[in-house]
2 protein chains.
Amino acid sequence: MGRLHGMTRSRSWRSEEVARNDRALLRAAREVLAVDGAHASVAAIAARAGVGVGSLYRRYRTKQELFQRLCLIALREYLDAANEGLAMDDTWQGLMHYAMASIRSGPGSLAPAAGTFDVTDEMTELARRGDRAVAELVQRAHRAGVLRAGVTAVDLELLIEQLSKSPLQEQLQCQGRTELYDAALNARERIITIALDGLRAGPAGALPGQAPGYELFTMRWAPPEGETAE
Amino acid sequence: MGRLHGMTRSRSWRSEEVARNDRALLRAAREVLAVDGAHASVAAIAARAGVGVGSLYRRYRTKQELFQRLCLIALREYLDAANEGLAMDDTWQGLMHYAMASIRSGPGSLAPAAGTFDVTDEMTELARRGDRAVAELVQRAHRAGVLRAGVTAVDLELLIEQLSKSPLQEQLQCQGRTELYDAALNARERIITIALDGLRAGPAGALPGQAPGYELFTMRWAPPEGETAE
DNA sequence: TCAGTTGCGGAGTGATTCGCTCCGCACAAG
DNA sequence: CTTGTGCGGAGCGAATCACTCCGCAACTGA
């Protein structure tokens with residue numbers, strides 16, 4: 001925001017500045033999407049990235065295209081996190097590594113955008129591989145006896161999604177209270193720690209109801225019929 | 001939607017139907033607010049309640065007035081839940097009773113509306129009394145040794161807020177997939193159980209960072225300065 | 001049977017916000 | 001100087017917002 005135009009930059013920004021703008025755009029898009037949900041506007045994204053809407057539309061032909069790229073990146077991070085977790089020796093730490101990483105940059109943040117753009121084959125493939133890795137992560141943890149009895153991969157993924165959004169931080173930054181941002185970050189770490197520790201095997205009782213099926217998780221990425229909804 | 005007008009109803013609906021509509025309106029308002037956040041529209045609320053916007057505006061002079069009444073009711077339920085929890089003999093069960101009730105009808109759902117309406121003295125008084133009751137609930141649980149070391153009342157309230165929203169159910173009903181609603185409800189119960197069990201005293205390690213202050217919780221109800229935001 | 005009354009649904013209204021286009025400008029190279 | 005390139009943001013038509021208003025159905029007292 002403001003008038004900074006050219007000014008400081010001087011040498012070959014032929015593609016250097018371009019890449020920086022692209023990263024800022026993607027970061028801003030994820031943040032705004034997490035805050036404003038399905039109603040996130042391109043103007044807000046561009047403003048948060050510190051660029052004009054013109055620059056945004058030069059890189060992405062449409063809002064949907066930006067969200068698609070965002071989703072692809074999130075899915076890649078999701079898959080990487082699961083594989084990294086599987087590579088760890090400590091079973092519990094591996095599970096937690098995946099959970100933490102997935103919460104931080106998870107597809108949960110862009111769930112509100114689900115159904116507003118077409119899902120490419122690459123996305124479904126990435127999601128499939130990720131789910132498979134997570135299922136193995138969960139199975140391994142159960143075999144090691146460190147994961148609470150009855151917890152399924154779907155339980156885990158839904159819990160992660162639940163923890164992905166931060167209502168507190170959303171409102172804080174929506175009101176512009178930057179002075180409390182660090183405190184909110186700290187508070188969120190504690191909450192996540194508490195919630196994830198509920199996954200540990202221990203004296204806690206059985207889970208209520210029966211294990212949820214995968215359809216709860218896959219359903220959302222395919223718009224039902226008749227484009228958007230209702 | 002639909003033309004059902006009078007039809008089935010016959011006897012003295014002078015005030016019976018009116019009360020039913022009011023309840024439906026409040027219920028719908030809470031649901032839509034939880035789904036659409038700050039951008040919830042009166043049309044959506046009225047439609048979900050099965051009434052016309054005219055009926056909504058005959059009972060509430062403005063959208064803000066509806067949200068105020070909604071907030072007041074939620075705060076009352078919140079206070080009641082805390083007091084009921086205190087009245088229980090079993091300390092842990094008392095805490096869980098409060099948490100469950102607060103999650104289900106919690107002020108967390110209407111957090112996005114915070115700052116969009118004026119806070120009355122009655123609201124602040126109710127919130128103050130509720131917070132006091134919760135603080136006692138937490139203190140009592142700590143004395144009994146059933147609550148995880150280091151957990152503060154603010155931690156608890158923020159965790160409850162985190163669990164108040166259900167991204168899964170939101171999207172489900174936004175897409176009109178009613179056939180999966182029961183499964184989603186069941187899945188949510190499991191997630192809440194897991195997360196709340198992380199509050200139990202046990203072998204889990206210490207919480208990261210330091211205890212968050214109350215300002216994180218009270219800040220939001222007072223618009224900073226300059227009305228809405230930004 | 002029939003005016004009179006009451007509460008209802010939803011089309012209409014001006015204001016606002018949306019996704020997106022397009023143009024003037026700052027700067028580097030020739 | 002002229003030319004070329006990527007930029008910010010004003011501007012545009014469409015969509016959506018909170019809110020008003022009116023015709024109608026259901027019921028009442030006679």
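Guide: Copies of a chain are superposed by least squares on the C-alpha atoms of residues with pLDDT of at least 70 in both. Please keep in mind that what stands above is a predicted model.

Visitor: What rotation and what shift along its axis superpose chain B on chain A?

Guide: Chain B is brought onto chain A by a rotation of 180°, with 0.0 Å of shift along the axis, and the RMSD is then 0.1 Å. The two copies are therefore related as by a two-fold rotation axis.

Visitor: How do you know which surface the copies meet through?

Guide: Of the interface residues of chain B, 98% are also interface residues in chain A, so the two copies meet through the same surface.

Visitor: How many residues are in contact there, and how much area do chain B and chain A bury between them?

Guide: On the side of chain B 55 residues are in contact with 54 residues of chain A. About 4,700 Å² is buried between the two chains, with 61% of it on carbon and sulfur atoms. Q162(B), R190(B) and I194(B) supply 17% of the area that chain B buries against chain A, which is more than any other three residues supply.

Visitor: Why is the meeting of R190(B) and D155(A) called a salt bridge?

Guide: The side chains of R190(B) and D155(A) come to 2.7 Å, N to O. The cut-off is 4 Å between a side-chain nitrogen of Lys or Arg and a carboxyl oxygen of Asp or Glu, so this pair at 2.7 Å qualifies. Between chain B and chain A the count is 4 salt bridges, and 13 residue pairs are found in polar contact across the interface.

Visitor: Which helix of chain B gives the most to the side that touches chain A?

Guide: Helices α7, α8, α9 and α10 of chain B each supply at least two residues of that side, and α9(B) gives the most, with 11 residues.

Visitor: What makes R148(B) count as buried?

Guide: R148(B) has a relative accessibility of 3%, and since buried means under 20%, this residue counts as buried. The place of R148(B) is in the loop between α6 and α7 of chain B.

Visitor: Why is the meeting of the side chains of R148(B) and D197(A) called a polar contact?

Guide: These two side chains meet at 2.6 Å, and because the limit for a pair of N or O atoms is 3.5 Å, the pair falls within it. A polar atom of the side chain of R148(B) also lies 3.1 Å from the backbone oxygen of G198(B). Leaving aside residues up to four places away in sequence, R148(B) touches residues of both chains, among them T193(A), I194(A), H142(B) and L207(B).

Visitor: Why is the aromatic pair of Y78(A) and Y98(A) called tilted?

Guide: The structure holds 2 aromatic pairs over all chains. For Y78(A) and Y98(A), the rings are 5.9 Å apart, centre to centre, with 55° between the planes. The centres must lie within 6.5 Å, and an angle under 30 degrees would count as stacked and one over 60 as edge-to-face, so the pair at 55° is tilted. Because Y78(A) lies in helix α4 and Y98(A) in helix α5 of chain A, the pair ties together parts that are 20 residues apart in sequence. In chain B, Y78(B) and Y98(B) form a tilted pair with 6.0 Å between the centres and 55° between the planes. Y78(A) and Y98(A) are both buried, and so are Y78(B) and Y98(B).

Visitor: How do you know that E31(A) and R27(A) are separated by about one helical turn?

Guide: E31(A) and R27(A) are 4 residues apart in helix α1 of chain A, so about one helical turn separates them. Their side chains meet in a salt bridge at 3.4 Å, N to O.

Visitor: Why is R27(A) called exposed, whereas E31(A) is called partly exposed?

Guide: R27(A) has a relative accessible area of 58%, and because exposed means over 50%, R27(A) is exposed.

Visitor: What makes the salt bridge of R30(B) and E77(B) a link between distant parts of the chain?

Guide: The side chains of R30(B) and E77(B) meet at 3.5 Å, N to O. R30(B) is in helix α1 and E77(B) in helix α4 of chain B, 47 residues apart.

Note on methods. Residues are numbered from 1 along each chain as its sequence is written. Chains are lettered from A and ligands numbered from 1 in the order in which they are written. This is a predicted model: local features need pLDDT of at least 70, side-chain atom pairs count only at pLDDT 80 or more; totals for chains, interfaces and linings use all residues. Side-chain values use heavy atoms; hydrogens and water are left out. Contact means heavy atoms within 4.5 Å. Buried means under 20% relative accessible area, exposed over 50%, partly exposed in between (1.4 Å probe, protein chains only). A polar contact is a pair of N or O atoms within 3.5 Å; within protein, one must be able to donate a hydrogen and the other to accept it, and residues adjacent in sequence count only if both atoms are side-chain atoms. Buried area is the accessible area (1.4 Å probe) that two parts lose on being put together, summed over both.
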